Amino acid sequence: MADPAIHHETQPINQIAIDYTPEACTHCPESNSITLTYDHRGGARWRSTTRFHYGTFSSLIQCPKGNTSGLNFNIYLSSLEGDKSQDEIDFEFLGKDKTIVQTNYYASGTGNREEIHDLGFDCSDAFHEYVIKWCPSFIEWLIDGKVARKVEKRGGEGFPEKPMFLYASIWDASYICDATWTGPYMGCDAPYVCLYKDICVPVGTAVECSCDS
């Protein structure tokens, strides 16, 4: 059941900030599309310019083609990337296998709530819709309109409650867990391009605050 306190009306994202390698990220507000490229420059990361407190976040995503072993490409919410006490809700694609996606969430810096989902398709073959629905009482992750995972808030368990930015990035994660998470980086098909379009954020839940607080 939908949370009556949250209105899930959305609007196209109008502005983004690029955290690093701006030349590897292109944003076209007119078509509501963003392109991230991984090559010899490394990857890039973009985020919304405001935090949001609950609501629905969505994007059509076509993941990079070729041998993407070692790479991580994603869309996620975070109260602040790099903050050890962050809240976060993730969709993460693991380059070693483009037929799966990992979901996870953090509360006050504590994660370890990963689940792997079989997509039933290769995420690089076409655009597919990925949605995070974040409410005070539950989180839903949806793929092409179907709920892949739902987590309800329970007493005594951590739950994301801090206002969060919408982020997306592409990066080499092959150093994590001795390359068992995303696989060893090959790079034989670089450049790798991740495409985002029809990116939508909530209406009326933006929280104005600086990105370093």
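Biologist: Where does G183 lie?
Modeller: G183 lies in the loop between β15 and β16 (192–202), where strands (E, at least two residues) and helices (H or I, at least four) are DSSP runs numbered from the N terminus. This is a predicted model, in which local features need pLDDT of at least 70 and side-chain atom pairs count only at pLDDT 80 or more, whereas totals for chains, interfaces and linings use all residues. Residues are numbered from 1 along each chain as its sequence is written, and side-chain values use heavy atoms, with hydrogens and water left out.

Biologist: Is G183 buried or exposed?
Modeller: G183 counts as buried because its relative accessibility is 4%; buried stands for under 20% relative accessible area, exposed for over 50%, and partly exposed for what is in between, with a 1.4 Å probe and protein chains only.

Biologist: And what does G183 touch?
Modeller: Leaving out residues up to four places away in sequence, G183 touches S69, G70, K96 and S174, a contact being heavy atoms within 4.5 Å. For K96, which is 87 residues from G183 along the chain, the C-alpha atoms of the two are separated by 5.0 Å.

Biologist: Moving to T68, which loop is it in, and what does T68 contact?
Modeller: T68 sits in the loop between β7 and β8 and, apart from neighbours within four places in sequence, is in contact with F73, G95, K98 and Y192. T68 counts as buried because its relative accessibility is 1%.

Biologist: Then which polar partners does K98 have?
Modeller: A polar atom of the K98 side chain lies 2.7 Å from the backbone oxygen of G66, and the side chains of K98 and S124 are joined by a polar contact of 3.4 Å. A polar contact is a pair of N or O atoms within 3.5 Å; within protein, one must be able to donate a hydrogen and the other to accept it, and residues adjacent in sequence count only if both atoms are side-chain atoms.

Biologist: How many salt bridges does the structure hold?
Modeller: There are six salt bridges in the structure. One of them joins the side chains of R47 and D19, at 3.2 Å from N to O. This pair links distant parts of the chain, with R47 in strand β5 (residues 44–48) and D19 in strand β2 (residues 16–20), 28 residues apart. R47 is buried at a relative accessible area of 10%, whereas D19 is partly exposed at 30%. D19, R45 and R47 are linked in a network of salt bridges.

Biologist: What about K150, which residue does it pair with?
Modeller: The side chain of K150 meets that of E140 in a salt bridge of 3.8 Å, N to O. K150 lies in strand β14 (residues 146–152) and E140 in strand β13 (residues 138–143), so the pair ties together parts that are 10 residues apart in sequence. K150 is partly exposed at 35%, while E140 is buried at 12%.

Biologist: Changing topic, what is the volume of the largest pocket?
Modeller: Its volume is about 420 Å³. Of the 19 residues lining it, E81, E88, E92, W171 and W181 are the closest to its centre. On a 1 Å grid over the protein atoms alone, a pocket is an open set of points with protein on both sides within 12 Å along at least five of seven lines, a cavity is a set where a 1.4 Å probe fits but cannot get out, and lining residues have an atom within 4 Å of a point. Grid points are joined across faces, edges and corners, and a volume is the space filled by probe spheres set on the points.

Biologist: Which residues line the largest cavity?
Modeller: The lining is made of F57, S58, I75, F91, Y130, V131, I132 and L166, and β12 gives the most to it, with three residues.

Technical notes: A salt bridge is a side-chain nitrogen of Lys or Arg within 4 Å of a carboxyl oxygen of Asp or Glu.
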